[in-house]
Amino acid sequence: MTGKGIGFGKVILFNEHFVVYGIPAIASAIGMKTVASIEQAEKLTMVDNRKETPGYKKEKLEQQKDSLKRIIDAAGVDTKNIKILLEGDLVASSGIGASAASCVAIARALSDCFNLGFSDEKINGIAYEGEKGYHGTPSGIDNTVATYGGLVWFKKDKTNIIERLKLQKPVEIVIGNTGIVADTSRVVAGVRERKNKNPEKYNKIFNEAEKLAYDARKALGAFDLKTVGTLMNENHRLLQEIGVSCKELDFLVNLARDNGAYGAKLTGGGAGGNMIALTPRKELQEGVASAMEKEGFKVIRTTIG
Ligand code: MEV
């Protein structure tokens with residue numbers, strides 16, 4: 001018995017962190033994925049052959065083991081005799097949905113291997129349980145995009161609101177990697193602590209983030225990319241205010257803007273990890289990407305939508 005499954009990488013275009021508290025967020029799958037393959041083995045084994053930001057896999061090893069246990073439990077398979085191999089072109093790195101993509105890929109591979117016929121909804125639910133191994137209290141946005149792909153409006157609620165958004169055509173982006181492996185659960189906990197200490201300040205910022213999500217949805221729908229970029233810049237400012245950026249992220253964000261990006265912001269948990277720049281058309285994408293590479297950073301050239 002063997003099985004195979006995939007999960008998409010993602011970027012969050014608007015409102016990471018705010019999404020944990022029920023503020024709407026917008027995220028997009030990127031053209032890179034994780035592939036999980038399963039075969040029979042003597043004991044439960046995980047072989048992780050994904051490319052990585054140096055240190056990522058070691059740092060996340062315990063979380064990965066915890067996550068795998070949760071996935072197997074949630075899938076309801078009673079096996080200790082499988083080998084899971086992780087591969088694919090999505091780099092294992094903070095902020096681009098690497099953990100969620102692997103959870104979805106493994107859930108799909110289990111469904112395939114054991115002939116379980118899981119729906120996308122079921123796969124998403126299993127991956128959400130797996131994400132708890134990495135994030136503690138995930139909002140569910142990462143596993144949702146890793147499952148369904150595309151451009152997604154997500155609002156955490158008793159039953160999450162998940163809507164597919166449409167872009168007239170795919171738009172080039174650059175993903176810049178600070179090279180810093182970040183612990184998302186710690187960053188999320190830090191926001192909660194500061195929010196509890198300064199409720200007034202944080203409520204004001206959270207209201208701004210909520211309004212921004214609706215403005216961004218409108219601008220994406222109208223394919224008004226200049227406005228989308230401006231709103232991304234605004235969103236980065238709000239993320240700075242809640243203390244989840246860092247000097248390396250700010251450096252890359254400023255570099256992207258100086259080289260003509262329509263907008264730039266951190267993406268995902270922050271405190272390291274990755275940032276994104278909106279760079280419609282190949283020439284602009286190339287200009288921004290090579291400016292980052294010249295400074296010694298690893299980049300991904302891809303599209304959203
Ligand atoms: C991480 O990719 C996104 C966060 O908003 C956490 C979450 O939504 O679970 C920081």
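## Around the ligand

The ligand has 13 residues around it, with K10, H17, P138, S139 and D142 the closest (a residue counts if one of its heavy atoms lies within 4 Å). By class, that shell splits into five nonpolar, five polar and three charged residues.

This is a predicted model, so local features need pLDDT of at least 70 and side-chain atom pairs 80 or more, while totals for chains, interfaces and linings use all residues. Numbering runs from 1 along each chain as its sequence is written, and side-chain values use heavy atoms, leaving out hydrogens and water.

## Polar contacts and cover

An N or O atom in the S139 side chain is 2.6 Å from a ligand oxygen, a polar side-chain atom of D142 sits at 2.7 Å from one, and H135 has a polar side-chain atom 3.4 Å from one.

On its own, the ligand has 290 Å² of accessible area, and the protein covers 97% of that (Shrake-Rupley method, 1.4 Å probe). Two elements, β1 (2-14) and α4 (141-148), each give two or more residues to the shell.

## The whole fold

Zooming out, the protein has nine helices and ten strands (DSSP runs of H or I with at least four residues, and of E with at least two). Its C-alpha atoms fill a box of roughly 55 × 40 × 35 Å along the principal axes.

Key
Polar contact = N/O pair within 3.5 Å; in protein donor to acceptor, adjacent residues only side chain to side chain. Nonpolar A, V, L, I, M, F, W, Y, C, P; charged D, E, K, R; others polar.
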